[in-house]
Number of protein chains: 2
Amino acid sequence: MLAGVESFAQRGYHATTTRDIAGSAGMSPAALYVHFPSKAALLFAISRSGHEQALAVVQEAAESTDSPVEAMREIVERFVAWHARRHTVARVVQYELGALPEREYEIVANLRRDIERIVRDLVARGVEEGAFTVADPGTAARALLSLGIDVARWYSDRSRKTPEVLGKEYGQLALRMLGAARS
Amino acid sequence: MLAGVESFAQRGYHATTTRDIAGSAGMSPAALYVHFPSKAALLFAISRSGHEQALAVVQEAAESTDSPVEAMREIVERFVAWHARRHTVARVVQYELGALPEREYEIVANLRRDIERIVRDLVARGVEEGAFTVADPGTAARALLSLGIDVARWYSDRSRKTPEVLGKEYGQLALRMLGAARS
DNA sequence: AGGGATTGTAAGCGAGCGCTTAGCGCGGAT
DNA sequence: ATCCGCGCTAAGCGCTCGCTTACAATCCCT
């Protein structure tokens with residue numbers, strides 16, 4: 001699986017051959033089929049596990065406090081840091097979705113909807129409580145998630161900032177974006 | 001080229017066959033090779049043209065006014081609207097970079113650096129003039145660009161908001177993110 | 001009207017793809 | 001001591017890929 005993550009993240013699913021993965025794992029191509037019935041099944045295993053991790057990160061952050069402002073800060077900080085720290089997995093999670101077979105796609109699409117719902121609901125609650133000021137909670141939630149997701153596209157091990165520092169900075173930017181009072 | 005954009009945007013470069021493109025253009029596979037020496041050359045033609053358009057959008061927006069705040073509003077509005085309106089081209093531009101041969105990649109990478117530089121310099125100038133308040137102009141510029149780029153990933157023709165409306169909303173969010181006085 | 005350039009087609013080549021088959025070595029339960 | 005089953009390899013099958021070749025129709029310029 002690690003070899004698959006590495007290969008898919010670097011070259012993309014369709015540009016990766018089963019021989020690439022096997023070679024990167026120090027095995028023969030046939031060895032893959034002992035563990036996964038197909039190349040697509042390997043992608044699904046990686047993608048589902050990655051999505052479950054991302055969802056867990058967001059869920060725990062959302063439940064860490066009652067204050068919408070602090071909860072949102074935690075979500076953005078951890079979500080961004082996760083995309084930076086685990087940027088190889090995150091790249092597969094965020095950008096190889098389209099390569100999944102339909103049934104498998106539906107499963108991870110549900111996990112993605114869960115993530116979006118948590119963020120959208122928290123923005124909406126913050127607006128109701130007067131903590132945030134945004135025109136459209138849906139658009140704001142989209143923008144917040146975009147900030148995190150796009151980190152997977154450009155972050156590399158040679159980036160100067162640590163995932164945690166980047167998370168803190170993005171957390172600040174996000175709260176200001178939401179018009180949070182005194183952030 | 002249009003058939004190529006459509007195919008690459010929908011399935012990704014590596015998952016697209018020359019027969020797909022030819023079929024979508026109502027031609028035989030061999031007809032492609034009258035116009036482009038290879039599938040990669042077609043991708044490059046699309047990618048370069050798309051990057052040049054995006055750069056032009058940002059450049060014109062940046063030069064439209066002397067005020068950093070208003071210039072940044074124009075940049076984000078137009079950059080976001082472009083990614084929504086031309087989301088098929090934008091998808092190829094933003095997410096099929098890695099499929100380009102090295103020499104061709106360098107050329108579009110330079111166009112991308114131009115775009116980033118304009119945004120980064122404008123953030124820096126705004127900070128100097130006291131119009132913006134951000135900890136790190138580089139990070140802020142990254143975040144601003146991420147907002148626009150990620151639109152290409154999720155925007156579809158069935159989205160409820162028009163590209164222009166979406167641009168206006170993102171423009172507001174962006175200015176608040178930058179701590180712009182009175183936005 | 002003639003003729004080269006342009007734009008297309010039908011057919012198919014060599015290579016590399018995902019995946020299968022047949023069989024081997026070895027750790028652990030009996 | 002035996003032997004089963006798991007994890008693996010070598011070899012290769014059938015297919016589709018990007019691209020080429022040989023040739024035909026059409027356009028435009030004189």
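The briefing covers the fold of the chain, the relation between the copies and the surface facing the DNA.

This is a predicted model, in which local features need pLDDT of at least 70, side-chain atom pairs count only at pLDDT 80 or more, and totals for chains, interfaces and linings use all residues. Residues are numbered from 1 along each chain as its sequence is written, chains are lettered from A and ligands numbered from 1 in the order in which they are written, and side-chain values use heavy atoms, with hydrogens and water left out.

**Fold of chain A**

- Chain A contains 9 helices and 0 strands, where helices (H or I, at least four residues) and strands (E, at least two) are DSSP runs numbered from the N terminus.
- The C-alpha trace of chain A spans about 60 × 35 × 25 Å along its principal axes.
- Of the 183 residues of chain A, 51% count as buried (under 20% relative accessible area, 1.4 Å probe, protein chains only).
- Among the contacts in chain A with a separation of 6 or more, 67% come from residues 24 or more positions apart; contact means heavy atoms within 4.5 Å.
- The accessible surface of chain A (Shrake-Rupley method, 1.4 Å probe) comes to about 8,500 Å², and 50% of it belongs to carbon and sulfur atoms.

**Relation between the copies**

**Surface near DNA strand C**

- Among the 15 residues around DNA strand C, T17(A), Y33(A), K39(A), S28(B) and H35(B) come nearest; a residue is near a strand if one of its heavy atoms lies within 4 Å of it.
- At least two residues of this surface come from each of α2 (18-24) of chain A and α3 (32-35) of chain B.
- The residues of this surface divide into 6 nonpolar, 6 polar and 3 charged.
- Sugar or phosphate accounts for 54% of the atoms of DNA strand C within 4 Å of the protein, and bases for the rest.

**Polar contacts with DNA strand C**

- A polar contact is a pair of N or O atoms within 3.5 Å.
- Phosphate oxygens of DNA strand C lie 2.8 Å from a polar backbone atom of T18(A) and 2.8 Å from a side-chain N or O atom of S28(B).
- At a base, a nitrogen of DNA strand C is 3.0 Å from an N or O atom in the side chain of R19(A).

Notes:
A polar contact is a pair of N or O atoms within 3.5 Å; within protein, one must be able to donate a hydrogen and the other to accept it, and residues adjacent in sequence count only if both atoms are side-chain atoms. Ala, Val, Leu, Ile, Met, Phe, Trp, Tyr, Cys and Pro count as nonpolar, Asp, Glu, Lys and Arg as charged, and the others, Gly among them, as polar. Buried means under 20% relative accessible area, exposed over 50%, partly exposed in between (1.4 Å probe, protein chains only).
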